[in-house]
Amino acid sequence: AMIKSSAVSAFLRPVGRNVAAACRPNIATSTVNRRNFHVSRVANVQATDKLSSGASISGGSLTKEQLMEEVKRLPIADISAIAKYYNKEEVQEKQKAYPSYTSLLQHRFRVMAEVTVSKIFPAGFGWQAASVQAGNLGYEANSLGFFAITGAGDFAGVLIGHTLFMAGKKAAGFDVDMRAQAETGFLLGSAAFCSGFTWQPTLNALQEIGLSFNQSVVGVGAACALAFFGGLRACRTVYSPFMGGVEEPTYQNLKADAQLSVAIGGATGCFVGTDVSYGDANWLRGVVGIEDGTADMVGQVLAGSSTALGFAVTQTAQNVAMTKGKCWVD
């Protein structure tokens with residue numbers, strides 16, 4: 001986790017004036033990473049400076065453990081104020097990055113397009129392809145095996161789509177850390193498994209109780225959004241200790257994960273439009289409906305198109321409505 005230099009001085013009140021002075025906002029090199037808190041090596045930072053715990057500052061740096069011990073000695077009110085200040089500063093930085101509303105929208109829609117092409121379309125495509133294979137293996141649409149296989153198809157679509165897209169960007173000359181991106185793809189794919197697994201049993205249940213097409217769209221979307229969000233948060237906890245490309249759970253990525261999950265809910269809800277059993281009540285039938293006799297590949301493209309459409313509509317609403325620095329794509 002990174003802590004901006006302008007917020008660090010408040011963390012270091014017990015450390016002494018010399019070290020705190022080295023952490024003023026104009027010292028841009030002061031950061032906290034996973035291992036060490038590096039204080040700019042200015043003349044007023046001495047190797048003999050002491051922490052309130054009695055430990056020495058060696059070579060102008062604090063270990064993460066030393067920093068955490070100092071933080072524990074701060075009043076809870078000070079820690080809360082620091083957290084609020086840091087969040088405010090991060091939002092302000094994002095606001096400066098996009099000075100006009102037009103430039104902000106251009107950025108948001110560019111990211112939305114990349115996510116749609118690299119992950120959302122492949123997720124729907126992969127789910128549908130997996131459902132065909134599950135049927136060929138003899139699994140019915142109400143069986144656990146079917147749910148697991150289609151979830152795996154969702155996982156594979158996201159992981160492969162994201163990794164190939166990033167590899168293409170790297171080949172085009174962009175600075176891309178492929179290991180970190182592969183780990184990100186694995187994280188998102190794992191969350192997609194949860195929503196992909198949830199989609200069919202939720203639809204089955206809603207049809208069983210006689211809900212309409214519109215009600216099913218909302219119900220399936222909500223259930224899959226919750227499944228994706230829960231899977232994403234759990235996988236952050238599990239993966240972050242050994243995957244450098246996966247950020248550990250924080251309040252900031254909690255909000256971002258929630259917003260992304262809402263957009264995923266739009267994608268999975270629109271996926272209900274591929275089910276033509278609703279007849280004329282399915283107003284998406286003429287756009288993404290998979291009719292009997294449709295070729296497998298065509299059905300997979302329609303499935304991917306349905307998730308892409310639902311995601312795009314939901315994310316567009318977020319892009320337009322949310323202020324600078326508040327949207328997960330910022």
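A residue counts as buried when its relative accessible area is under 20%, and as exposed when that area is over 50%. These cut-offs are applied below to a predicted model.

By this criterion, Arg236 and Asp257 are both buried. The two side chains form a salt bridge, with their closest N and O atoms 2.8 Å apart. Arg236 belongs to helix 8 and Asp257 to helix 9, so this pair ties together parts that lie 21 residues apart in sequence.

The side chains of Asp257 and Arg233 meet in a salt bridge at 2.7 Å, N to O. Arg233 lies in helix 8 (residues 213-239) and Asp257 in helix 9 (residues 251-271), so the bridge ties together parts 24 residues apart in sequence. The relative accessibility of Asp257 is 4%, so Asp257 counts as buried. Arg233 has a relative accessible area of 14% and is therefore buried.

Arg179 counts as exposed because its relative accessibility is 64%. Glu183 counts as buried because its relative accessibility is 11%.

Across the whole structure, the search finds 7 salt bridges. Side chains of opposite charge can pair when their charged atoms come close.

Helix packing was examined next. Helix 5 covers residues 101-136, and helix 11 covers residues 296-321. The two helices pack at an angle of about 150°, and their axes are 7 Å apart. Angles over 145 degrees count as roughly antiparallel. Helix 5 is therefore roughly antiparallel to helix 11. The crossing of these two helices is right-handed. The residues of their contact divide into 17 nonpolar, 12 polar and 2 charged.

How values were computed. Residues numbered from 1 in each chain as written. Predicted model: local features only at pLDDT ≥ 70, side-chain atom pairs only at ≥ 80, totals over all residues. Heavy atoms only, no water. Axes fitted to C-alpha atoms, helices over the stretch in contact; angles between N-to-C directions. Helix = DSSP H or I, 4+ residues; strand = E, 2+ residues; numbered from the N terminus. Parallel < 35°, antiparallel > 145°, perpendicular 65-115°, else oblique. Left-handed = near helix turned anticlockwise from the far one by under 90°. Nonpolar A, V, L, I, M, F, W, Y, C, P; charged D, E, K, R; others polar. Salt bridge = Lys/Arg side-chain N within 4 Å of Asp/Glu carboxyl O. Buried < 20%, exposed > 50% of the residue type's maximum accessible area, 1.4 Å probe, protein only.
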